[in-house]
Structure formats: C-alpha cells, structure tokens
Amino acid sequence: MAKLYADAGTTWSKVLEIYENEKELETSPLLKIDDLSAYAVFENGKEYSDHTGNRHKGRTFLLPSKIFSSVPVNFDGATGHMVKQRINPDGKYHNEIVALAFGARKKVKNLENATVIDIGSRDLKWVKFENGKYRDLDWNGNCGSVTGATVEMLCKFYNIDLAALTPQREKISVTCGVFAMEKIMDNIASDIPAEIAVARYIHGIAYNAWVFAGKPEKVYLSGGFCLNSCFVESLKFYCDVTPLGRFILIEGLY
Amino acid sequence: MSASDEKLIGIWGYPEPSVMEEIRKKYPQNRFIDLDINYNSPESGILPDAYCRIMKNIIDNATAFQQNLDVIIASVGREKCDSGWFAANILRDMGFKVIETRFEEYGDKFRETPISKSSLPLKDKINAIMDNIIEKQDLKLTQCRPEYGFWGVPPNDLDFLDIFPHNTHVYGWTRCVEAGRPADIELEMYVDEGIPTVFFAQTFCAKMQLAKYLAKKYNGIYIDVDDTASNSVKAKIEAFIKLG
C-alpha cells in the first residue's frame, strides 16, 4: 500500500508518495488535489530507499502550502508545525531539525565532518556532524527569518530572473529579510541595478547562514536555495558546498 | 491567585532563611507568595519591554497584589542579581515595605540534593525545589542515573520542561537552591561531564553568559527563552534529546 510523507513548509510543502506498483496510485489520497500533475517534481534516476535500505518506487510533489493545507490528506510521516495534526494513527512526526539530521545521515555517504544547513522561506537551521556523529545544532526562526520569502518577493517585484543573477563579491549584511529590505531599497535608490542589489542580498544571506552555522569548512545545503545558483556560488566564497535538494527532510521521515 | 483580603508575604530569589522565619513569626496569618512566578498579573509597564521576564513578574505581581502584601523579603545579593536590588529599591520607592536580604555565606553547610537527582518529572523537580524555600516538602523520591541534564534557573515558561525525560538531573542555580547555597558559583558551574545537558537562561538575564559558556565547555546546548518557549526552541531541545 502506498505511503505518504510530507515536509510542510510555510510557503511550500513537499510531498513524497512511495509505492510498490502503479495500481496503488489509483486510490491515492493525493487525487483530492486539483491538477495534481502540475505540482509533480521529476527527479531523474532518483531512488527511494527507506531507513532499512528497502527500495521503493516513488513520486514527489511541490505544493504551495496554501493548497497543501486545504486538502484533507493524512500522512504516514511528516515534519513541520502545520502538519502535526495530520498524522495517521501509526504514523510518525519528527520536528524539522530531527528530520534534517536523519535525512542527511541517510542520503550523504560518509557524513563524517560536515554541517548540514537547511534554509527555508522563513527560518534557518543546521546540524553539525563530527566523526559521523551528531554534534551540535541550532535553529534560527527569528533573526534569520523571512530570508527565502524575501528573495521570492523581490524577484517578483523587480521582475528578476533568479537563474540569471550573478554572484556579487559585495554583500548586504543582514540577519533578516525585514531589515534587508531597507538596504536593498537604498542600493536601488543609488542607481544600483536591482539584479545587483538582490544578488548582494543573497550573498548576505549566504554569509549569515555560514556564520550562524559556526563557519564550517564543509556544508551540505538543503532547501529551496539549492536551486538558487547565485546563493550556492555566494556560499562557496566561504566554504565547500554540496547541494542536497529540497527533499532532505522528507528523506528523514521513512 | 489570591483572595482579595488574603494577607501575603512576598519573596523572590532565595532570601536568608532566618529572616524568612523571623517574618513568618511576625506575620503568622500571612501566606508566602513567590513573586518570581508568572501568575499572569497585568503588566505594570514599570520595567522596559525588553527586560528579564522574571524581574517583570516580580514587579507586575507586586503591583497586582499591592493591597495584600504586608511585606516583601527581597533577595538582593549574589544569590539573585543586581536587578533584584534595583527592584527592591523601586518597590520601596513605590511605598512597599521591603526587607532586603543577602544569602551569600554558608560555611561548610551543604544539603544533599535528592530532588535534583530524582526520577520526578523535571517540572515537578523544579517546583519542589522552589517550594522548599517556603515550606519543606515531604516527598517520596526515587533516585535515578542521569541520562540528560537541565542547567539553569526555573524558567518563566515551565511547560517546555515537559519535553525532558524523567531521568533528567537538575544543575545550576536550581540545584544550588536545593543545596541551600544559592550563590555558590562553583556548585552553579558544576555538571556531570558526558551527560547531554541543556543550558538554559532567561533572555536578558546575566546568567546567559554562564549558560552559553558552559554549553560550549560541556558539549551541551544553549537556549534562552524570554516569555514562552518558541516552537524552534522546543524543537531544538527535542532534537538534542533524540539525536544525542
């Protein structure tokens, strides 16, 4: 029987459905979602193995959290505050840091000495491993807030193609998207192109994430910023970076 | 919290026990009330918004119970903090009867700390230790080996303590209180090495520096909480315990 797992974020929610044969999908609870295929995320060559190593077929979806929360579907495993009440009786809930740690340990071979950072739309969390064992963690939901959401809003507002941004050596030093806005506006008012100002802001987020995580030498990056090359390249100014994608927390659930 | 005509003796911190006994005899009809605790008293607006939540409790509670408080025994020594001394002076200036005490010297006196090492739920341990200041509790305790540690003062928000397993030992100032040595810095800095310990301080409290330093020294985790623990703070503690 198919099983459902969810990482319910503030703006985006990730869903994984694992199954043994396609027939099971005909009765999937996800079919309650209108135009479900529009939210499918195809990951070429992706294997879905549970924590015991058993392989499964699977499919993943990226849903706006507004839609995710409006559909009455329960899950076999989930993470994220908004989904706590939507776990099946024999299902499992992990908080986001635990899911991140379990997911990273499952997906990264030889996770000996590295820090895994997850940047969401409104928070930042990291888990540090030493000699393959969990060593330290932190979660910033206040001063690191609204970072991802701010980038999305800025790009929409200034009609910026995120993929075309060039990493900037100069950065706007910010700890939170709310305070950043003023400095970005200052830059633009000083005739600096919006693309440059936003790239500087992205560099600022990368720098702050790196400092908040204790200035690690090696970072595995989780979350939507993995797809933001400007962010990844900015973070590389400071450390070695391996993007893991935005489904790592879900990997920690099964 | 208090009947409108009930007479009270307010305390905070850990006042000198002999002074408490003297006042108890002087006001035999009065009930002791620990002003450190959050009774959801209305905000007095006397202290700044960004300030230690425990000190705000003290001032807000005192003003809320002003008609009932015959006297306040104020801890103003190293067993409390400078803020306690300022609060004593503010309240005296406002017309309260305030007796200042310093409880800093103990000689060789050291009480055992069975509550800190017991298998009671963490919240019950901390409440029992603090209640002991006013009235000795008669408790049946089972000792346990520590699997986790909680270091710090009794938080304003006691509910997040429910996250901790029962085999969590208490360290820091709270254990000092149980030992009857609330300003014993050596005891306050003691933890069992190797036990995963959460080092807690109230936001804006001077003990934040000690908590952060000790967390690093003993591979623990540092948290500070202002009013109530946020979801991320709770998640950090959960993760620290689960991943430990």
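A polar contact is here a pair of N or O atoms within 3.5 Å, where, within protein, one atom must be able to donate a hydrogen and the other to accept it. In this predicted model, 4 residue pairs, both members at pLDDT 80 or more, are in polar contact between chain A and chain B. Helix H2 (96–107) and strand S10 (133–140) of chain A each supply at least two residues of the side of chain A that touches chain B. Sorted by class, that side of chain A has 8 nonpolar, 4 polar and 3 charged residues.

The interface can also be described by its contacts and its area. On the side of chain A, 15 residues are in contact with 12 residues of chain B. The size of an interface is often given as the accessible area lost when the parts come together. For chain A and chain B the area buried between them is about 1,200 Å², with 62% of it on carbon and sulfur atoms. The count of salt bridges between the two chains is 1, and the partners are Asp138(A) and Lys236(B), whose closest N and O atoms are 2.5 Å apart.

Within chain A, a charged residue deserves a separate look. Arg86(A) is found in the loop between strand S6 (75–79) and strand S7 (87–93) of chain A, and this residue is buried yet has no salt bridge, the nearest side chain of opposite charge, that of Asp7(A), being 12 Å away. What Arg86(A) does have is a polar atom of its side chain that lies 3.2 Å from the backbone oxygen of Phe68(A). Leaving aside residues up to four places away in sequence, Arg86(A) touches Phe68(A), Ser69(A), Val71(A), Val73(A), Asn74(A) and Phe75(A).

Further along chain A comes helix H3 (residues 147–157), whose buried residues are Thr147(A), Gly148(A), Ala149(A), Thr150(A), Val151(A), Leu154(A) and Cys155(A). Just after H3(A), the backbone at Asn159(A) takes a positive phi of about 55°.

In chain B, Ala201(B) lies in strand S7 (residues 197–202). Ala201(B) counts as buried because its relative accessibility is 1%, where the cut-off for buried is under 20%. Not counting residues up to four places away in sequence, Ala201(B) touches Lys207(B), Met208(B) and Ala211(B), and also Ile223(B), Asp224(B) and Val225(B). The C-alpha atom of Ala201(B) is separated by 8.8 Å from that of Asp226(B), a residue 25 residues apart from Ala201(B) along the chain.

Technical notes:
Residues are numbered from 1 along each chain as its sequence is written. Chains are lettered from A and ligands numbered from 1 in the order in which they are written. This is a predicted model: local features need pLDDT of at least 70, side-chain atom pairs count only at pLDDT 80 or more; totals for chains, interfaces and linings use all residues. Side-chain values use heavy atoms; hydrogens and water are left out. Contact means heavy atoms within 4.5 Å. Buried area is the accessible area (1.4 Å probe) that two parts lose on being put together, summed over both. A salt bridge is a side-chain nitrogen of Lys or Arg within 4 Å of a carboxyl oxygen of Asp or Glu. Helices (H or I, at least four residues) and strands (E, at least two) are DSSP runs, numbered from the N terminus. Ala, Val, Leu, Ile, Met, Phe, Trp, Tyr, Cys and Pro count as nonpolar, Asp, Glu, Lys and Arg as charged, and the others, Gly among them, as polar. Buried means under 20% relative accessible area, exposed over 50%, partly exposed in between (1.4 Å probe, protein chains only). Lys and Arg count as positive and Asp and Glu as negative; His and the chain ends are not counted.
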